[in-house]
Amino acid sequence: MRVDGRQWRTIWVENEAGDVGVIDQTLLPHRFTCRVVGDAAEMAAAICDMVVRGAPLIGASAAYGMALAMRSNPADDHLDAAAAMLAAARPTAVNLRWALDRLVGQLRPLPAHLRRAAAYKHAAAIADEDVAINQAIGCHGLDLIRKVADGKAGKPVNILTHCNAGWLATVDWGTATAPIYMAHDTGLPVHVWVEETRPRNQGAALTAWELSKHGVPMSLIADNAGGHVMQHGQVDMVIVGTDRTTANGDVANKIGTYLKALAARDNGVPFYVALPSPTIDFSLHDGIADIPIEERSPREVTHIQGATESGTIVEVNLAPVGITARNYAFDVTPARLVTGLITERGITPASSEGLAALFPEQVKP
Ligand code: MRU
């Protein structure tokens with residue numbers, strides 16, 4: 001997508017030596033700064049510290065992490081050690097494991113001297129595929145928005161989203177935002193309710209930044225306001241992303257998503273989840289029992305980052321010093337609360353049957 005007139009992706013090969021460039025998402029919206037990542041350990045740290053984040057981008061970053069590892073040492077033991085280190089960076093987004101399994105599977109049969117070039121090629125393929133997948137998700141989701149718009153006599157379609165499932169969370173386009181960008185670009189009037197998304201505020205910091213840079217009308221709301229705007233008929237549909245969706249359609253996404261699904265059900269608001277197929281974990285069948293939920297530092301709950309009027313980025317304490325806090329990063333929305341899953345192959349009910357019909361090659365006999 002474009003930032004101040006220039007086209008960007010979230011990850012790229014920076015130079016002929018093979019260093020990897022990323023946008024530092026910890027500094028947005030205050031500073032648009034790029035970082036150069038020079039080895040696999042740095043990439044693992046960038047994933048863990050959320051310099052890069054969002055399930056599809058975590059997958060692409062891990063793939064480039066493997067390329068950096070192969071650049072420094074393509075031997076078998078280093079291949080395995082790098083994959084294990086990257087896999088440990090974050091637990092919930094299954095795209096991380098998916099990308100690493102793919103890279104390891106493609107690299108291991110090769111003689112060591114061919115691994116470096118192959119790793120960069122496969123990482124680039126994962127990045128390009130992500131862009132194509134998100135464009136396809138955008139086209140399917142656009143049909144949904146168009147149907148709602150048809151009944152609104154030119155009034156904007158109001159879409160609520162949580163966290164950042166935008167282009168910053170992917171290589172480009174985003175998942176939840178791809179239909180929104182396409183609707184806006186084709187002249188359909190849309191307005192997005194952007195939930196701030198405590199504790200790390202990906203909605204306020206990232207989604208609000210993205211949408212406003214692209215000129216999409218939006219309003220930032222506190223997380224707790226989502227139910228209120230639904231009750232007052234101001235939300236036509238919810239679209240969120242996911243970090244891992246099970247074979248039966250249970251959806252893990254940023255903490256707070258479940259509460260929005262409950263509010264949506266209570267108010268008759270359709271609740272859609274946009275997801276690329278690498279986010280589907282066909283090995284799991286019960287999201288609440290089986291999806292590992294990341295617990296991050298309590299400091300992200302007790303402290304908050306912002307910029308002063310002079311632009312200095314500061315962190316301040318919100319809570320009594322020394323109190324106990326818990327920081328669950330994701331929750332699981334049961335399939336029964338999901339109206340539909342928007343995938344690159346089309347829209348399906350959140351069910352084993354629906355997912356199996358769209359992805360028959362994933363169904364184990
Ligand atoms: O902790 P984050 O910022 O990596 O969490 C991101 C989300 O929860 C997104 O909604 C999800 O990864 C889907 S991104 C297309």
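Student: Which elements each supply at least two residues of the lining of the second largest pocket, and which gives the largest share?
Tutor: This is a predicted model. In it, α4 (94-107), α5 and β13 (280-281) each supply at least two lining residues of the second largest pocket. The largest share of that lining is 5 residues, and the element behind it is α4.

Student: How much space lies in the second largest pocket, and which residues are closest to its centre?
Tutor: The space in the second largest pocket is about 370 Å³. Its lining counts 19 residues, which divide into 7 nonpolar, 3 polar and 9 charged. The closest to the centre are Trp98, Ser277, Ile280, Phe282 and Gln362.

Student: Which residues lie nearest the centre of the largest pocket?
Tutor: About 510 Å³ of space lies in the largest pocket. Elements giving two or more residues to its lining are α7, α11 (299-302) and β14 (303-307). By class, the lining splits into 8 nonpolar, 9 polar and 6 charged residues. Of the 23 lining residues, those nearest the centre are Thr26, Pro199, Arg200, Asn201 and Gln305.

Student: How many cavities of 30 Å³ or more are there, and what is the volume of the largest cavity?
Tutor: A cavity is a set of points where a 1.4 Å probe fits but cannot get out. The count at 30 Å³ or more comes to 3 cavities. The volume of the largest cavity is about 180 Å³.

Student: Which residues are closest to the centre of the largest cavity?
Tutor: The lining of the largest cavity has 9 nonpolar, 9 polar and 4 charged residues. Both α2 (55-72) and β11 (251-254) supply at least two of the lining residues. Out of 22 residues in the lining, the closest to the centre are Arg53, Gly54, Ala55, Asn164 and Asp243.

Student: Which element gives the most to the lining of the second largest cavity?
Tutor: The second largest cavity has a volume of about 80 Å³. Residues lining this cavity include Trp98, Glu129 and Asp130, and the lining divides into 7 nonpolar, 1 polar and 2 charged. At least two lining residues come from each of α2, α4 and α5. The most, 4 residues, come from α5.

Student: Which residues are closest to the ligand, and what is the distance from an oxygen atom of the ligand to the side chain of asparagine 253?
Tutor: The ligand is surrounded by 19 residues, and the closest are Arg53, Arg90, Asp243, Asn253 and Lys254. A ligand oxygen atom is 2.8 Å from a side-chain N or O atom of arginine 90, and one is 2.7 Å from such an atom of lysine 254. For asparagine 253, the distance from a ligand oxygen to a side-chain N or O atom is 2.6 Å.

Student: Is threonine 348 buried or exposed?
Tutor: Threonine 348 is found in strand β18 (residues 346-348). Its side chain reaches the backbone oxygen of glycine 354 at 3.1 Å. Buried means under 20% relative accessible area. Because its relative accessibility is 4%, threonine 348 counts as buried.

Student: How many residues of helix α6 are buried, and what covers them?
Tutor: Helix α6 (residues 177-185) is mostly covered, with 7 of its 9 residues buried. Among them are Ile180, Tyr181 and Met182. The covering elements include α5 (112-150), β6 (157-161), β7 (190-195) and α7 (202-214).

How values were computed. Residues numbered from 1 in each chain as written. Predicted model: local features only at pLDDT ≥ 70, side-chain atom pairs only at ≥ 80, totals over all residues. Heavy atoms only, no water. Buried < 20%, exposed > 50% of the residue type's maximum accessible area, 1.4 Å probe, protein only. Contact = heavy atoms within 4.5 Å. Polar contact = N/O pair within 3.5 Å; in protein donor to acceptor, adjacent residues only side chain to side chain. 1 Å grid on protein atoms, 1.4 Å probe; cavity = no way out; pocket = protein on both sides within 12 Å on 5 of 7 lines; lining within 4 Å. Points joined across faces, edges and corners; volume = space filled by probe spheres on them. Nonpolar A, V, L, I, M, F, W, Y, C, P; charged D, E, K, R; others polar. Near = heavy atom within 4 Å.
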